[in-house]
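Hi there,

Here is the structure I promised to pass on to you. Have a look at it first, and then read my notes below.

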Amino acid sequence: MSDKKENIHFTVIIPTKDRAQYLEQTLKTCTNQDYKNLEIIVSDDGSIDNSREIVEEAARKDSRVRLISPGCGVGMLDNFEYALNHVKPGFVIALGGDDGLMPNSLTRMRDIILETSTELLTWPTSTYFYPKTKMENGQLILHLRKGKFTSGIKVINSKDFLERQSKNLFYISDIESPMIYVKSVVSTDLIQKVKNRSSDGRFYSCSTPDGYSGIVLAGEVDQYIFSGEPLSIHGVSPTSQGLGYLTKSEEAKKHSEDFFKKTTHKPMHSELGSQPYSPLISLMTADFLLTARDLPGWQGKFSPIDYKKLLSIAIKEIEDGLFPEDRVLRELNILFKIAEHHNLKDFFLNKIKKAKKNGRRPLEGNAISPRLLYLDAIEYKVYNIFEASYVANYIHQIIPKLSIKVFIKMLINSFKYRFLSFKKGDRLSNHFSNKN
């Protein structure tokens with residue numbers, strides 16, 4: 001391997017708090033990488049479980065692991081910023097304490113970066129729900145495109161991506177989003193460009209550190225690279241912040257309220273009425289776009305947001321979502337304030353008069369659609385993110401190669417083998433000499 005290849009430095013940052021049960025498996029997906037020029041930085045926000053001991057044990061076994069801490073209880077946003085400030089020059093990806101890397105993915109990232117000279121590389125992530133999280137048995141979800149597994153390399157025009165965000169207002173479903181949380185790797189030079197545009201020198205300027213990174217980074221480049229091959233896997237556990245907001249338990253409600261308190265200093269954009277953080281994907285997408293747009297010198301371009309469309313999509317989210325009643329009231333109040341801010345109060349009230357929550361329940365078991373393949377985790381004996389990463393990698397590497405043409409070749413080869421078993425050669429006696 002050349003020095004050029006060896007000199008690409010990767011950093012995986014893992015900001016976490018009280019996720020010991022899942023963090024051990026997340027670290028395993030990272031330390032199992034065969035790439036040497038790697039640092040794995042775990043930033044612990046004052047965990048009261050045994051997270052620290054797990055990281056220290058991992059560091060004793062693997063010198064690429066390093067434990068840092070911003071203090072105690074700084075919150076998710078500041079913990080992400082703190083971890084990012086400790087990254088050495090090179091490329092960086094962020095994982096949550098229940099996410100993971102796919103086997104040998106860092107080597108693959110390096111190869112694509114060298115082949116394309118990109119500073120920003122993204123891919124579709126597989127998703128693993130731990131058992132007893134959203135569904136009883138857990139689930140492994142893989143991306144498809146028109147019924148086939150995603151593959152190949154393509155160039156994404158940043159302007160097209162940003163325009164799509166302002167039109168669809170649903171960043172989380174866009175597999176080409178280059179957010180560095182779980183699904184992208186980015187050069188530290190691009191990270192620094194964003195920091196230099198911020199008045200306080202921070203990279204993260206919104207309440208949540210996931211989708212904003214994809215939008216703000218896309219505006220720093222004309223194009224970036226998309227790999228159809230998933231290089232990481234998103235984990236969802238009972239400790240996941242987004243899931244906690246959908247859960248009725250008092251513990252989950254407490255986690256949500258703690259998160260809201262930590263984000264009070266980061267209200268949404270003034271065009272959104274400076275309302276408090278909302279977990280509605282449509283509102284988050286709008287907030288990310290507007291915040292990035294206001295950075296001095298930011299090059300990203302997109303059409304103005306249609307606020308009637310934004311309110312309609314947000315109401316649809318509440319209709320289709322699994323929010324408990326008290327949280328529905330919170331989100332409707334936020335939407336009402338935004339509607340008032342844009343003189344759309346009557347429009348909003350007419351919309352919610354017609355809106356009804358549906359009886360949707362989480363999709364359990366095995367299923368398939370043109371975009372997604374769902375596998376029952378327990379049925380396939382997948383019990384954690386490390387195991388899920390290998391299963392997902394195996395499926396993506398092997399199944400696409402099993403085309404009809406390959407099956408025909410397999411059948412022909414089997415028939416040939418069977419046919420040759422009937423063909424008789426020389427008598428065995430011709431090869432045996434009895435000298436007794």
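**A serine in a loop**

S237 is found in the loop that runs between β13 (232-236) and α9 (241-246). Please keep in mind that this is a predicted model. Is S237 buried or exposed? Its relative accessibility is 0%, and buried means under 20%, so S237 counts as buried. The side chain of S237 also has a partner: a polar contact of 2.7 Å joins it to the side chain of D98.

**Two helix pairs**

I also looked at how some of the helices pack. Take α8 (residues 211-218) and α11 (residues 281-293): their axes come within 9 Å and cross at roughly 40 degrees. The crossing of α8 past α11 is right-handed. Which residues meet there? From α8 they are G211, Y212, I215 and V216, and from α11 they are T285, F288, L289, T291 and A292. Sorted by class, this contact has six nonpolar and three polar residues, with no charged ones.

The other pair is α12 (residues 307-320) with α13 (residues 325-341), whose axes lie 11 Å apart at an angle of about 175 degrees. Angles over 145 degrees count as roughly antiparallel, and α12 and α13 are therefore roughly antiparallel to each other. On the α12 side, the contact is made by L311, A314, I315 and I318. On the α13 side, V328, E331, L332, L335, I338 and A339 take part. By class, the contact of α12 with α13 has nine nonpolar residues, one charged residue and no polar ones.

Technical notes: Residues numbered from 1 in each chain as written. Predicted model: local features only at pLDDT ≥ 70, side-chain atom pairs only at ≥ 80, totals over all residues. Heavy atoms only, no water. Axes fitted to C-alpha atoms, helices over the stretch in contact; angles between N-to-C directions. Helix = DSSP H or I, 4+ residues; strand = E, 2+ residues; numbered from the N terminus. Left-handed = near helix turned anticlockwise from the far one by under 90°. Contact = heavy atoms within 4.5 Å. Nonpolar A, V, L, I, M, F, W, Y, C, P; charged D, E, K, R; others polar. Buried < 20%, exposed > 50% of the residue type's maximum accessible area, 1.4 Å probe, protein only. Polar contact = N/O pair within 3.5 Å; in protein donor to acceptor, adjacent residues only side chain to side chain. Parallel < 35°, antiparallel > 145°, perpendicular 65-115°, else oblique.
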